[in-house]
Amino acid sequence: MYNHSRARGRKALVKYGHRWTARSVVMKSKKKEIEAEFERAGIAQGSTGMIKGYQKAVGCIMGKLTQEERDAVAKQADEWNEEQPPAEVQAE
């Protein structure tokens, strides 16, 4: 009797994609510097300390960027959003 009381509409199609920000571009393009930050702190690769301190290390790298580098990273993020990132970034 009440089988039509909760009619459900169709769900929208899922769009798979990634919205690039300046921070995510730095995460991909400055991996060596982030790893060096962990080595300076004495944190081993793959440890829980690395997982716990990853965002802090990325923030430290972001803080060291000059204004010109920040503008370049933001421009690169916009380019990756409009088109697509390079193949080596997509493969990761």
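Biologist: Which residues does phenylalanine 38 touch, not counting residues up to four places away in sequence?

Modeller: Phenylalanine 38 touches Ile43, Met50, Gly53, Tyr54 and Ala57. Contact here means heavy atoms within 4.5 Å. Please note that this is a predicted model, in which local features need pLDDT of at least 70, side-chain atom pairs count only at pLDDT 80 or more, and totals for chains, interfaces and linings use all residues. Residues are numbered from 1 along each chain as its sequence is written, and side-chain values use heavy atoms, with hydrogens and water left out.

Biologist: How many helices and strands does the protein chain have?

Modeller: There are 5 helices and 0 strands, and the pattern along the sequence reads α-α-α-α-α. Helices (H or I, at least four residues) and strands (E, at least two) are DSSP runs, numbered from the N terminus.

Biologist: What radius of gyration does the protein chain have, and what would a compact globule of 92 residues have?

Modeller: The protein chain has 20 Å, whereas a compact globule of 92 residues would have a value near 12 Å. The radius is taken over C-alpha atoms, and the globule rule is 2.2 Å times the number of residues to the power 0.38. Along its principal axes, the C-alpha trace spans about 70 × 35 × 25 Å.

Biologist: What percentage of the residues count as buried?

Modeller: Of the 92 residues, 22% count as buried. Buried means under 20% relative accessible area, exposed over 50%, and partly exposed in between (1.4 Å probe, protein chains only).

Biologist: Which residues have the most contacts inside the largest nonpolar core?

Modeller: They are Trp20, Val25, Val26, Ile34, Phe38 and Trp80, in a core of 15 residues. Two or more residues come from each of α1 (22-29), α2 (31-41), α3 and α4 (67-82). Helix α3 gives the largest share, 4 residues. A nonpolar core is a set of buried Ala, Val, Leu, Ile, Met, Phe, Trp, Tyr and Cys residues joined through side-chain atoms within 4.5 Å. In soluble globular proteins, nonpolar side chains tend to be buried together.

Biologist: Which residues of α1 are buried, then?

Modeller: The buried residues of α1 are Ser24, Val25, Val26 and Met27. They pack against α2, α3 and α4.

Biologist: Where is leucine 65 found, and is leucine 65 buried or exposed?

Modeller: Leucine 65 lies in the loop between α3 and α4. Leucine 65 counts as buried because its relative accessibility is 9%. Leaving aside neighbours within four places in sequence, leucine 65 is in contact with Val26, Lys30 and Arg70.

Biologist: What about lysine 75: is it buried or exposed?

Modeller: Lysine 75 is placed in helix α4. Its relative accessible area is 53%, so lysine 75 is exposed.

Biologist: Last topic: what share of contacts joins residues at least 24 apart?

Modeller: Among contacts between residues at least 6 apart in sequence, the share is 64%.
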